[in-house]
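Hello,

Here is the structure you are taking over. Please have a look at it, then read the notes below.

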Amino acid sequence: METAGIRERLGTVGNQFAVTNLLAFLISTPIALAKEGELCALVNWPEVFVWVSSQSCGSLTWCMGLAGSRFPEFLELCKTSSVVWNNMLASGILFYLYNELATMTIKKTSAVTQSVANTAKRAIVILGVAIALGESLSPTKIVGSVICILGVLLYSNADSLFPPKQKSA
């Protein structure tokens with residue numbers, strides 16, 4: 001690790017992608033656990049047992065220590081429905097492929113270009129879903145989408161609108 005730059009230390013795009021995913025997992029796991037309920041070590045166990053006895057979720061819920069959350073209900077649904085597993089698998093694979101594509105896009109272009117493209121994607125998804133589902137868009141959504149698309153248009157044409165000044169010798 002004598003090299004100054006992080007890009008040189010991480011090496012390939014695959015390594016950068018792996019480190020990014022590991023960091024995302026490590027950062028989001030405590031947040032998810034805090035959001036879904038107390039950690040097992042911090043649980044008021046008598047309260048959990050009273051809660052579990054009032055539920056019809058089965059015996060798996062008490063060991064999770066997630067009183068007051070819907071996580072036990074989710075676990076029960078996972079035990080009984082293959083649709084949940086299929087959707088989770090498809091979601092995970094598609095999100096992984098999306099992240100791979102985003103990482104390759106950054107490698108080929110720049111982080112700014114990828115960020116602008118991601119912004120355009122969001123506006124296009126909002127408009128596309130509204131059209132596909134036949135939903136009406138509020139004026140705020142329309143104005144925001146137009147601003148977003150115009151900003152992307154300006155960014156993509158910035159060199160032709162504002163040509164770089166020639167350096168004099």
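**What is in it**

Read in sequence order, the protein chain runs α-α-α-α-α-α-α-α-α. That is nine helices and zero strands. Helices (H or I, at least four residues) and strands (E, at least two) are DSSP runs, numbered from the N terminus.

The model is predicted: local features need pLDDT of at least 70, side-chain atom pairs count only at pLDDT 80 or more, and totals for chains, interfaces and linings use all residues. Residues are numbered from 1 along each chain as its sequence is written, and side-chain values use heavy atoms, with hydrogens and water left out.

**The chain overall**

The protein chain has 169 residues, of which 17% count as buried. Buried means under 20% relative accessible area, exposed over 50%, and partly exposed in between (1.4 Å probe, protein chains only). Take the contacts between residues at least 6 apart in sequence: 33% of them join residues at least 24 apart. Contact means heavy atoms within 4.5 Å.

**Helix 5 against helix 6**

Helix 5 covers residues 71–80 and helix 6 covers residues 82–108. They pack at an angle of about 100°, with their axes 5 Å apart. That makes helix 5 roughly perpendicular to helix 6. Axes are lines fitted to C-alpha atoms, for helices over the stretch in contact, and angles run from 0 to 180 degrees between N-to-C directions. Angles under 35 degrees count as roughly parallel, over 145 as roughly antiparallel, 65 to 115 as roughly perpendicular and the rest as oblique.

Helix 5 brings Phe74, Leu77, Cys78 and Thr80 to this contact, and helix 6 brings Ser82, Val84, Trp85 and Met88. Six of these residues are nonpolar, two are polar and none is charged. The classes are simple: Ala, Val, Leu, Ile, Met, Phe, Trp, Tyr, Cys and Pro count as nonpolar, Asp, Glu, Lys and Arg as charged, and the others, Gly among them, as polar.

Look at Cys78 in helix 5. Is Cys78 buried or exposed? Cys78 is buried, with a relative accessible area of 7%. Leaving out residues up to four places away in sequence, Cys78 touches Val84, Trp85 and Met88. The C-alpha atoms of Cys78 and Met88 are separated by 10.0 Å, and the two residues are ten apart along the chain.

**Helix 6 against helix 7**

The axes of helix 6 and helix 7 come within 8 Å and cross at roughly 135°. That makes helix 6 oblique to helix 7. Tyr98, Ala102, Thr105 and Ile106 of helix 6 meet Ala111, Gln114, Asn118 and Lys121 of helix 7. The contact has four nonpolar, three polar and one charged residues.

Gln114 lies in helix 7, residues 111–133. Gln114 is buried, at 16% relative accessible area. Beyond four places in sequence, Gln114 touches Ala102, Thr105, Ile106 and Thr109.

**Helix 7 against helix 8**

Helix 8 spans residues 139–156. Helix 7 and helix 8 pack at an angle of about 145°, with their axes 9 Å apart. From helix 7 come Val112, Thr113, Val116, Thr119, Ala120, Ala123, Ile126 and Leu127. From helix 8 come Ser145, Cys148, Ile149, Val152 and Tyr155. By class, that is ten nonpolar, three polar and no charged residues.

Cys148 is buried, with a relative accessible area of 14%.

Best wishes
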